[in-house]
Number of protein chains: 2
Amino acid sequence: MDGFSRVAKHTFRSRIADTLRDAILSGNIEPGSQLVETALAEQFGVSRGPLREAIRQLIEEGILETVPYTGTYVIDITVKDVDEIYSIRRNLETFAFEQLWDRRGEGFRNELLRRHEALTATIDAGDDKASILAELSFHGAVYEATGHSFLLRIWQSLRGRLQLYWAAHHRAHGIRGPRRDGHDAYLRLALGDDLAAMRGEIESHMRRGAEQTKAFLDGREPRPGRRA
Amino acid sequence: MDGFSRVAKHTFRSRIADTLRDAILSGNIEPGSQLVETALAEQFGVSRGPLREAIRQLIEEGILETVPYTGTYVIDITVKDVDEIYSIRRNLETFAFEQLWDRRGEGFRNELLRRHEALTATIDAGDDKASILAELSFHGAVYEATGHSFLLRIWQSLRGRLQLYWAAHHRAHGIRGPRRDGHDAYLRLALGDDLAAMRGEIESHMRRGAEQTKAFLDGREPRPGRRA
DNA sequence: GTGTCGTCGATTGTTGACAATCGATCACCA
DNA sequence: TGGTGATCGATTGTCAACAATCGACGACAC
């Protein structure tokens, strides 16, 4: 009697949180913009109660912030954040491979290959939004394979930020950065036998990513913003 | 016109979240036990609205979990969690020192010394509860000094877990593990010039910590619990 | 002009009542 | 005896109204 995933409990809160998160991370709601509860509640067709709980959840996830009695805002993107995200990501992804290295099996190999194919497919199809998700899914396979639930938890929060940055980048420039062969070396080394080389690849991979993202941020004119 | 911290906005939610978190992490509320909203709301003298939002926040912090329409429970402690926490903590604390190493200044040195003295003072005084917080504060100084806000954020979530474990350990055995000189080598190396030695110290420090905590967990009889 | 104070609309914070769901219990029946 | 379904208390989920607070605007005094 296995193979059945539990039926999804549907509470308004959880669905609202998912929908809102998706709208923010995909860039449909602009970073820095304000959310007003009454308007959102009406849009979703629910009262403010569950909506507020969903908002509270997203605040804790780090993609919203609120000032009491004043307003709730989508977080904005800063260069410092990008630096931090990539630096810690390099560290964590290296850690993930160290944990994983001697336990990589057929399952891991197949899953990584599968997701890499999915990634190149979205790039070939020119579907930029899908390619963002596919790239995150590709890297996510590594974290999932470790079986390390805390590591996975941390990755998921970083993942949100990355999605936000890349979506903003894409919205601004219309094109995505990664080339079709951007993960070939990564994939080959991840399935190979040279951990030190894999470490090096992660390092350069992250440096490239950080540079690209920061170049985009430096280039854009500072938005009016509500901050001093 | 500096030196004034912003006046604390007092919303019920934030105060409830703080109080509840403290009660859970310090062990006043037993791991695994159920929280019922109506009872808590009455205790705090507020309605269920703000209380639910506080709970939502603590769920997102990972110290509560909820099953829709059924109940809200304090997370329980497992051996796997301990292993994961210490393994990732070793990694992060090493990362913190790498980030920090060449930028350590007088401020860092003084702060670390200060907190180390505070730690030994609580141990000398036999104040076990305070020594738990002091030890967390001592290690926290390293993360704070990096100026890396994401790293700090992650540390704070790990910190909560550690506090929970140590408090449970203390409640069960009445005594705390760490000896008075448990951090002498750590402190000396953290202020020294040998990063490789510091790495080694972190490694053995974490191994000791994990062993102690796991020994406690293995030793306790499995509690009835609501899980299969 | 310049600074101060009060007013007002907008927004979030809080409340108490009501609805939906879950899990245990128990009667019932094959 | 085993299992099936109904009932019920407990708990969380949701709602709509009300309260508190903030920030902007403008009148007013100097």
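Residues are numbered from 1 along each chain as its sequence is written, and chains are lettered from A and ligands numbered from 1 in the order in which they are written. In this predicted model local features need pLDDT of at least 70, side-chain atom pairs count only at pLDDT 80 or more, and totals for chains, interfaces and linings use all residues, while side-chain values use heavy atoms, with hydrogens and water left out.

The size of an interface is often given as the accessible area lost when the parts come together. Between chain A and chain B about 3000 Å² is buried, with 56% of it on carbon and sulfur atoms; buried area is the accessible area (1.4 Å probe) that two parts lose on being put together, summed over both. Of the area that chain A buries against chain B, 22% is supplied by A:Arg56, A:Glu60 and A:Phe150, more than by any other three residues. In terms of contacts (heavy atoms within 4.5 Å), 32 residues of chain A meet 32 residues of chain B.

B:Glu53 is found in helix H3 of chain B; helices (H or I, at least four residues) and strands (E, at least two) are DSSP runs, numbered from the N terminus. The relative accessible area of B:Glu53 is 7%, so the residue is buried, where buried means under 20% relative accessible area, exposed over 50%, and partly exposed in between (1.4 Å probe, protein chains only). Neighbours within four places in sequence aside, B:Glu53 is in contact with A:Arg52, A:Glu53, A:Arg56 and B:Arg13. The side chains of B:Glu53 and A:Arg52 are joined by a polar contact of 2.7 Å. A polar contact is a pair of N or O atoms within 3.5 Å; within protein, one must be able to donate a hydrogen and the other to accept it, and residues adjacent in sequence count only if both atoms are side-chain atoms.

Buried residues of H3(A) include A:Leu51, A:Glu53, A:Ala54 and A:Arg56. The helix is followed by A:Gly62, whose phi is positive, near 90 degrees.

DNA strand C has 21 residues around it, of which A:Leu35, A:Arg48, A:Arg52, B:Phe12 and B:Ser47 come nearest; a residue is near a molecule or strand if one of its heavy atoms lies within 4 Å of it. The residues of this surface divide into eight nonpolar, eight polar and five charged. Here Ala, Val, Leu, Ile, Met, Phe, Trp, Tyr, Cys and Pro count as nonpolar, Asp, Glu, Lys and Arg as charged, and the others, Gly among them, as polar. The largest share, three residues, comes from H3(B). Sugar or phosphate accounts for 72% of the atoms of DNA strand C within 4 Å of the protein, and bases for the rest. A polar side-chain atom of A:Arg48 lies 2.7 Å from a base oxygen of DNA strand C.

A:Tyr69 is placed in the loop between strand E2 (64-67) and strand E3 (71-74) of chain A, and has a positive phi of about 65 degrees although it is not a glycine. A:Tyr69 is exposed, with a relative accessible area of 82%.
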